[in-house]
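Please show me a protein chain, and let us work through it together by question and answer.

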Amino acid sequence: MATAAFTAWTAVLDALEAALDAAPDSAVDDAGDFAAGDLVRQTAVLAGWIPPQVDGPIPAELLPRAHSISERQQAVLGRLTADADTLRRHRSALGSVRAATARQESAVYLDVTG
């Protein structure tokens, strides 16, 4: 028979696994396009997340599952961090193009001889 702590912690782990299953594999799809919809949906889910209130430590028999979830979370975090780095590089490149192609609003030469 499951204890109250076992049942409570199982529910917590179920919720964490469901969030991981719903997490995008990447913010950038195979074509290199930014998949903003997935991140917006995931952000909305995480914004409402509240740390669970569970009495007592996690039962020892649930520790392997908890470690597995933690490893999956780290993997997702690593992928999203790499995607964020890629997006920052793309944004920087776009800024360079914009600066090189923007219409000059000020004088290019200064007439010092009058």
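The turns below go from the overall fold to the core and then to the charged pairs.

Reader: What kind of model is this, and how many helices and strands does the protein chain have?
Author: This is a predicted model, in which local features need pLDDT of at least 70 and side-chain atom pairs count only at pLDDT 80 or more, while totals for chains, interfaces and linings use all residues. Residues are numbered from 1 along each chain as its sequence is written, and side-chain values use heavy atoms, with hydrogens and water left out. Helices (H or I, at least four residues) and strands (E, at least two) are DSSP runs, numbered from the N terminus. From that end the elements run α-α-α, and the count is 3 helices and 0 strands.

Reader: What span should helix α3 have, and what is the distance between its end C-alpha atoms?
Author: The expected span of a helix is 1.5 Å times one less than its number of residues. Helix α3 covers residues 63-101, which is 39 residues, so it should span 57 Å, and this agrees with the distance between its end C-alpha atoms, 57 Å.

Reader: Which residues of α3 are buried, and which helix is included in what covers them?
Author: Buried means under 20% relative accessible area, exposed means over 50%, and partly exposed lies in between (1.4 Å probe, protein chains only). In the protein chain of 114 residues, 13% are buried. Those of α3 are I69, V76 and D83, and what covers them, judged by contact (heavy atoms within 4.5 Å), includes α1.

Reader: Which residues form the largest nonpolar core, and which element gives the largest share?
Author: A nonpolar core is a set of buried Ala, Val, Leu, Ile, Met, Phe, Trp, Tyr and Cys residues joined through side-chain atoms within 4.5 Å. The largest one has 8 residues, namely W9, V12, L13, L20, A23, L62, I69 and V76. Two or more of these residues come from each of α1 and α3, and the largest share, 4 residues, comes from α1.

Reader: How many salt bridges does a search of the whole structure find, and what is the N to O distance between D14 and R65?
Author: A salt bridge is a side-chain nitrogen of Lys or Arg within 4 Å of a carboxyl oxygen of Asp or Glu. The search finds 4 salt bridges.

Reader: Is D21 buried or exposed, and what does its side chain meet in a salt bridge?
Author: At 57% relative accessibility, D21 counts as exposed. Its side chain meets that of R72 at 2.9 Å, N to O. This pair links distant parts of the chain, with D21 in helix α1 and its partner in helix α3, 51 residues apart, and that partner is R72.

Reader: What separates D85 and R88 along helix α3?
Author: D85 and R88 form a salt bridge whose closest N and O atoms are 2.6 Å apart. D85, at 32% relative accessibility, counts as partly exposed, whereas R88, at 52%, counts as exposed. Because they are 3 residues apart in helix α3, the separation is about one helical turn.
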